[in-house]
Amino acid sequence: STIIIPMPLYVLIFFATGLGLDPLLVGIVSGAGSGIGEITGYFVGLGGSKVIGKKFKHMPEKIEAFHKYFNKYGFFAILIFGVLPFPFDIIGLIAGANNFGIKKFLLASIISKIIKTLIISYAGYLVLPYLELYLAHPLTQ
């Protein structure tokens, strides 16, 4: 929807509950969609892995060490960075460049984005009634 309506996704999620939408449903659906949408960064990284391999061919042991490390801890890194306010596209690029399993990447992305969007949708659900009371108060007008 952010292509049609030029507004940040998380702002829409925050205010969606003010329209009467269920915060649980908003969080799950928007999180799943957001997680699936991260696959584009993964594929860009997958295609760019050949370029990275050529550029750093003089350091194969460091690339191999990073590859092993990411394959061991990548799932948890994706979970953590997916919840944090961090440009997650970088993680998708890294996962693709390391040829991290696409199923594991999607699962971790979807789980982390659902957690993040649930937090945002419930924040809107809990804050918006008080914001509405504050804005309707005679002293604020």
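Of the 141 residues of the chain, 28% count as buried, where buried means under 20% relative accessible area, exposed over 50% and partly exposed in between, with a 1.4 Å probe and protein chains only. The model is a predicted one, in which local features need pLDDT of at least 70 and side-chain atom pairs count only at pLDDT 80 or more, while totals for chains, interfaces and linings use all residues. Residues are numbered from 1 along each chain as its sequence is written, and side-chain values use heavy atoms, with hydrogens and water left out.

**Exercise 1.** Determine how many helices and strands the chain has, and in what order its elements run.

*Solution.* Helices (H or I, at least four residues) and strands (E, at least two) are taken as DSSP runs, numbered from the N terminus. On this basis the chain holds six helices and zero strands, and the order from the N terminus on is α-α-α-α-α-α.

**Exercise 2.** Describe how helix α2 packs against α6.

*Solution.* Two packed helices are described by the angle between their axes and the distance between the axes. The axes are lines fitted to C-alpha atoms, for helices over the stretch in contact, and angles run from 0 to 180 degrees between N-to-C directions. For α2 (residues 23-37) and α6, the axes come within 7 Å and cross at roughly 145°. Next, with contact meaning heavy atoms within 4.5 Å, the residues of α2 that meet α6 include Val-26, Gly-27 and Ser-30, and those on the α6 side include Ile-110, Lys-113 and Thr-117. The residues of this contact of α2 with α6 divide into 12 nonpolar, eight polar and one charged, where Ala, Val, Leu, Ile, Met, Phe, Trp, Tyr, Cys and Pro count as nonpolar, Asp, Glu, Lys and Arg as charged, and the others, Gly among them, as polar.
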